[in-house]
Amino acid sequence: MAGVRPVRAGRRLPLAWTGTIPFFAYVGLFLLLPTGIVVWNSLTDASGKLNLGSIKTLFDPAVRMYFVNSLELSAISAVVGAVFGAVIAYAVASGNPDGLVRRLATAGSGVLAQFGGVTLAFAFNAAIGPTSGFLTKASWYYDFPQGISLIYVYFQVPLMVLVFLPAVDGMKMQWREATENLGGSTWHFWRHVGGPLLAPAFLGSTLLLFANSLSAYATVQAWENQIAYVVPQQISIAITSEVGLASANEAQVLALGMVIVVAVVMVSYTLLQRRTSRWLR
Amino acid sequence: MAAVTPVGAVTPAEVEAPQPRGSMRSSRLRRLNLFRWTVFTLATLFFLLPLFAMVRFSFVGTQPGEYTISAWTQIASYPGLLDAIRITLELAVITVIVELSLLVPTMIWVRLRVQWLSRTIEFLCLLPLTIPAIVLVVGLAPVYRSVRQHVSLSPLQLFWAYVILALPYAYRALAAGLDAIDVRTLAEAARSLGASWFTVMVRVVAPNMWQALLNAMLLTTALVLGEFTIASILLYTNLQVALYQISRATLDAGVLFSTSAASLLFAFLLLLILSYVGRQRGRERR
Amino acid sequence: MRAARAKALTGIVALALVVTGCSSSSGGSSSSSGTDWATTTSAAAGGGMDALVAAAKKEGTLNVIALPPTWANYGAIISAFTAKYGIKVNSANPNGSSQEEVNAVKQQAGTAAAPDVLDIGMSVALANTSLLAPYKVATWNDIPSAQVEPTGLWFQDYGGYMAIGYDSAKFGTISSINDLMGSKFKNAIALNGNPTQANAALNGVMMANLAVGGTLDDIAKGVDFFHQLKQAGNFVPVQATTATVKAGTTPVVFDWDYLNATHGADVPSWKLFIPSNAILGGYYAQAINKQAPHPAAARLWEEFLYSQDPQGGQNLWLQGGARPVEMPAMIANKSIDTAAAAKLPQAAGSAVFMSADQASAASAYLAKNWASAIK
């Protein structure tokens, strides 16, 4: 037949990756380069020589406290958000894929996952603030980590729904029915089929929530701004302090610390994802 | 099915989605529905209560017990706010266009020809979720500065950074869409009929993942509407920065609440409407 | 094939760039003939006020930064300036700190958006003199010599006393700082920011320090005071704004008296308390960016701020509740707005000021101890 071209020309195969150049160029320039700049600046001194002394300051007790606080807040909000988010995701996924509930949940999650900062903190203050709360006046609202964890959960749960829903969708209902037909109960299903299946995706999503919470800044700063609890708040002080405590170097060292923590999280996430993909293909 | 359910009765499952759950026992179904509705009720309560408190606050007047809509009518009177809304909406459009042009061809290409890169792409796309905006900005600021020496940058130039921020969400949505269709077969069929790669992507694959494309658009838009940190550190005034400035300068706490509630409502309705538009288009094609 | 895709991509990116309006830099300033205002150190040296006004009008724009409209009446000042000279004022980042102003100067150096003039705290001014241009306003001699840098790199502009603003309807009258420990102040008391970050907050802690018996050289007692406030549950670390005061979220605020006055603008029972043994004053300073994109407009702005006209900057600051630096001279030559001056909170005694060394010692102590004391 005329007009039929060979689908794969053997000699073109090695160059196929060049089609991804625009993507890598863009990400390289606007994501990797800025991160690299931060890492580089924190490891070198003003004249450009390598100076690893700044890494030592990461172990200062004051700096350690910021990281400990950050990790604590992130862990709590990630775990709580992941559990509730997973439950909601399952409830949504087990319904009509075209139905109104699903749409509302997706639109709502999309909006609420991005809802943060001043408006979220004020909304919570209006709801449960110790002086102006309308539902109740929670005296623990300004305690760390209780008050801020609750606020973080508010955007972590929708984020979990967004990232975990595809995994739940991939778990085919046929497996549920098969278990049933073989005489298994709900508990059986979750213990031997659903659980192990979703576990890697669940843990991976939890790690994502964890990393997301680590980097959140606007919300905690709006919740309270007179004590620096977490690392992003201290980074902001190091950049903007007008009482002589501004230190570009401190900001970069703290940023380096965050990049390291995040790198650990992302590596764990990738390893977990390798296990998920086996089942969901 | 007739053996399970009484003749003539229609279970909720069959009305909604006969295919996946038609073969479940009705007791299982009832428990499932009970579970679902409990979850939805509790979730709705949790998420709506702060929003309700916020909206209620926006109607509170100066004396206790007094209610007024002045906080809402005042919104239009902040001239900077309308400008900021316009800029943010324009930013959203540009970000969506660039985001999809960058991601969709790349992801399709990778699925078809360069699978070994897919892990790397996924990793890179998830990275922005984990790198704090503050770190990103510290590194981006020099880039913006050197460009600003030569060219005056309008706030719309924020899109370069926003495309990065939206990568995790857009990637997820598009990946889910690509997983659902058999890209290989479609592509091979089209190619064997003589289509160019461009045609394959734009006229064959993309229409089949319309829902995912829409999803990606919605998530990107939601992100742009809600972004604060990068805009404020780079000294641009977008919607959230404008809201923040109003909150610091206003005499009236109600205005902060009314503007936030309005912006949330607007984003939510936009997403909801777009999700319906997408579905109808998808339907027609089948 | 790939070419088609690449073309489409480049087309889209190019379209995006065009649409987003990249315009070539309008660059700066210096006129082709006549004075280079960027290096002129006074109006007289540049050919007189008329020449300055003309050059500024030609530039047409002024970039200011970190000037909230409700801070010392800046909203009215900006409007008055624009109304008088027709120069458009771009106000960036109104809630920024002094350090952010300096960051913007460095980050945007060479661009048309860089700040022209700065209103900064003293420690930031002293640390960044290399970025500033010397200039002496027409009323230079009316500024006390202790409050200027001799060549005019910076010159103080307005100040106030640190005060505790509170809603007397809720709390009665406060007569001593130790009243704040009482149980009726639960979740009521706030500073204006983080003392390791914001000048106003640092001075708030120092004022409390002085009130409970500490000295300007040692802020430990002040930190301990706030530690006890937190233990008692009286400290609410949320940013106090006019809106939060009105909503009752922050009914007691440590802030400069001129800011506290605006916080309480809508609360008729709002009162200010300045402890008699802790009258802590603080002044901010004006400075001109050495690389200002609009040097003539920058200098005209300074002349406006230091003009003693009834509608000049000094009186406008006074109407915002702040004490203008030329106040003693203006009282003497009767150009002061006496009605506004009478509204200033009276302090029973003379004010003390932190020196630069005392301020840095205080910050250093706070850097080490604030977070652990207050958590």
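## Contacts and burial in chain A

Of the contacts in chain A that link residues at least 6 apart in sequence, 71% are between residues at least 24 apart. This description rests on a predicted model, and within that model buried residues account for 51% of the 281 residues of chain A.

## Helices and overall dimensions

Chain A contains 11 helices and 0 strands, and its pattern, when followed along the sequence, reads α-α-α-α-α-α-α-α-α-α-α.

Taken along the principal axes, the box filled by the C-alpha atoms of chain A comes to roughly 75 × 60 × 35 Å.

## Where chain C touches chain A

Chain A also takes part in a contact with chain C, to which chain C gives 37 residues and chain A gives 26 residues. On the side of chain C that touches chain A, the elements that supply two or more residues are helix H1 (2-19), helix H4 (98-107), helix H5 (122-127), helix H7 (199-211) and helix H15 (356-374), which belong to chain C. The largest share of that side comes from H15(C), with 7 residues.

Sorted by class, the side of chain C that touches chain A consists of 15 nonpolar, 18 polar and 4 charged residues.

Conventions
Residues numbered from 1 in each chain as written. Chains lettered and ligands numbered in written order. Predicted model: local features only at pLDDT ≥ 70, side-chain atom pairs only at ≥ 80, totals over all residues. Helix = DSSP H or I, 4+ residues; strand = E, 2+ residues; numbered from the N terminus. Buried ≥ 20, exposed ≤ 12 C-beta atoms within 10 Å, placed from the backbone. Contact = placed C-beta atoms within 7 Å. Nonpolar A, V, L, I, M, F, W, Y, C, P; charged D, E, K, R; others polar.
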